[in-house]
Amino acid sequence: MATIVDDISRTFDEFLLLPGLTKVEHVPSNVSLATPVAKYKPADGGPKHKLNIPLVSAAMQSVSGSELAIALARRGGSAFTFCSQPIESQVEMVRLVKEHKAGFVVSDSNLGPDVALSEAIKLRERTGHSTIAITENGGSSSKLVGLLTSKDYWEFKDDLTRPIKDFYTPVESLVLAEEGISLTEATELLWKNKKECLPIIDKAGNLKSLVFRKDYFDHKSNPDELTDDHKRLFVGAALNTFDYLERGQALVDAGVDSLCFDSSDGYTEWQKTACLELREKIGGAVPIGGGNVVSKEGFDYLVREAQVDFVKIGIGGGSICITREQKGIGRGQASAVMAIAAERDRYYEETGVYVPLCSDGGLNSDTEMIVALAMGADFLMMGKYFAQTEESPTEKVTYRGRLYKPYWGEGSNRARNWERYKQSDRHELVFEEGVDAFVPYSGPLSDRVDVTTAKIRSTMCNCGALTIEEFHRVARLTQVSEMTLVEGSTATVEQLDRMYADRR
């Protein structure tokens, strides 16, 4: 007969944290949410690869586009761009993120001098860019002849049929810098000359990039911004176990900072082979994560055999994932995190190597996110949480006066991601492991992340911890009954019953 594990499959909302001693130094401003994203030996020093906040976005079509990746990196986390797309388009996503905050922005709003002013207004409305580079042929890298800003014309008084050359500021009147100038030097030029934009040109006068005053202030307002050694934004990318060598190398060439295999079940020989072959091909500079697994055996296999840099935990816990319903495979996310965290700690005691854990799925509130971190997760991967934000790649829709955004699983037919699921020899999904849904619109990512991280910091202070590593050590949890949830909230037993029924 089958082996029956002596364990109840538990979820995060079945637990509460007990407060620890809060000392005078335990204030939110002293809390660090930095967390490793690749294995390391603490005896040799701190982690080389880390996040500034423990939040990453899921590698899903309806979640992790380049706009969201930029917004999340600016707050200190990282997106994992999805691999259920052609290699070229995933590489382009990574490229857009890496170029966004290098400080030197490649201009994508350009026109020629003989174009009508009306075309400039259309371009501004389409892109939102009020500064337009005017070049000889209207391209992004031809000879710069001037800049046109919204201060150079009055839309409702000037003749919009006249050419742009009658309005723009000519290159002779601009403050310019030559290619090779540092970002610090460029910012200093902007400040001294009280300018909003500094064009960067080559020796022939061709436009190379633009540096904006607003980006300097933007950087100062995002102190947790996550960047690489070249001050470019941090971004991750997902891989499958089919074209991983070609895709992985292309992503590394584009500057990706972290890779992770995206699979509903990572406890496989396919993933082991892919991890080892990719590591041999790209070297050791870029971390490679593996998953997903829900048992200590899965953790050991990925770490000892596949030699991954971090492990992703979770099967069937996502809000639009139906793997458990369809196949009867999975585990309550809290039980999975606790079991694997215990095995990770044993591995650390044995080898001196600390392997970060990513809890993926099963997080329905900020409270559950906090509990997941307390149980041993180093960072959290979420889909719905980020799909609801302004920066996710789907369009907002209105239903009965409320705003929503489309959200679908990678195992749904809409994702057309049959390669991720080895269901048969047919090149299609035989059955779905994800669904198509709508989620309430929640506004800008920054607002949501700021509230979440404030709650994490406050709770860590209540527990007497100033770092996530310390939180793992000092956190104490107690299981709760249904009546405990009623006592601690405004919900009734009937409402809670309906809530659990909806989740099931």
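Helices (H or I, at least four residues) and strands (E, at least two) are DSSP runs, numbered from the N terminus. The model is predicted, so to speak, by rule: local features need pLDDT of at least 70, side-chain atom pairs count only at pLDDT 80 or more, and totals for chains, interfaces and linings use all residues. Residues are numbered from 1 along each chain as its sequence is written, and side-chain values use heavy atoms, with hydrogens and water left out.

Let's start on the inside. A nonpolar core is a set of buried Ala, Val, Leu, Ile, Met, Phe, Trp, Tyr and Cys residues joined through side-chain atoms within 4.5 Å. Buried here means under 20% relative accessible area, exposed means over 50%, and partly exposed is in between (1.4 Å probe, protein chains only). The largest such core takes in 97 residues, and L55, L259, V311, F386 and F471 are the ones with the most contacts inside it. Contact means heavy atoms within 4.5 Å. Once the neighbours within four places in sequence are set aside, F471 touches L17, I370, L373, A374, M460, C463 and A465. There is also a second, separate core of 13 residues, with L111, L117, I121 and Y153 among them.

Next comes F15, which sits in strand 1 (residues 15-18). F15 counts as buried because its relative accessibility is 8%. F15 and A334 are 319 residues apart in sequence, yet their C-alpha atoms are 9.0 Å apart in space. With neighbours within four places in sequence left out, the contacts of F15 include A334, M338, V371, M375 and L477.

Helix 1 (residues 66-75) is mostly covered, with 8 of its 10 residues buried. Those buried residues are S66, L68, A69, I70, A71, L72, A73 and R75. Their cover includes strand 4, strand 5 (78-81), helix 2 (87-100), helix 12 (384-387) and helix 13. For helix packing, axes are lines fitted to C-alpha atoms, for helices over the stretch in contact, and angles run from 0 to 180 degrees between N-to-C directions. The axes of helix 1 and helix 13 (residues 445-463) come within 10 Å and cross at roughly 35°. On the helix 1 side the contact is made by L68, A71, L72 and R75, and on the helix 13 side by L445, S446, V449 and D450. Sorted by class, that makes 5 nonpolar, 1 polar and 2 charged residues. In this sorting, Ala, Val, Leu, Ile, Met, Phe, Trp, Tyr, Cys and Pro count as nonpolar, Asp, Glu, Lys and Arg as charged, and the others, Gly among them, as polar. Just after helix 1, G76 takes a positive phi of about 115°.

Now for the strands. Two strands pair if DSSP finds at least two bridges between them. Strand 18 (residues 379-382) pairs in the parallel sense with strand 4 (residues 55-57) over 3 bridges, and S57 stands opposite M382. Strand 17 (residues 357-360) also runs parallel to strand 18, joined by 3 bridges, with D360 and M381 as bridge partners. F379 and M381 point one way from strand 18, L380 and M382 point the other way, and all are buried. Strand 16 (residues 310-313) shows F310 and K312 pointing one way and V311 and I313 the other, and all are buried. Its parallel partner is strand 15 (residues 288-293), through 4 bridges, where V293 stands opposite I313.

An open sheet of 3 strands has the order 19-20-21, with antiparallel pairing. Strand 19 (397-399) and strand 21 (436-440) are at the edges with a single partner strand each, so one side of each has no neighbour in the sheet. The twist averages 50° from one strand to the next. Strand 20 (residues 402-408) and strand 21 are joined by 5 bridges, and K405 has V439 as its bridge partner.

Most residues other than glycine have a negative phi, and most peptide bonds are trans. The peptide bond from G291 to N292 is cis, with omega near 5°, and N292 is in strand 15. Q307, in the loop between helix 8 (296-305) and strand 16, has a positive phi of about 60° although it is not a glycine. Q307 is partly exposed, at 47% relative accessible area. R400, in the loop between strand 19 and strand 20, has a positive phi near 55°. R400 is exposed, with a relative accessible area of 74%.
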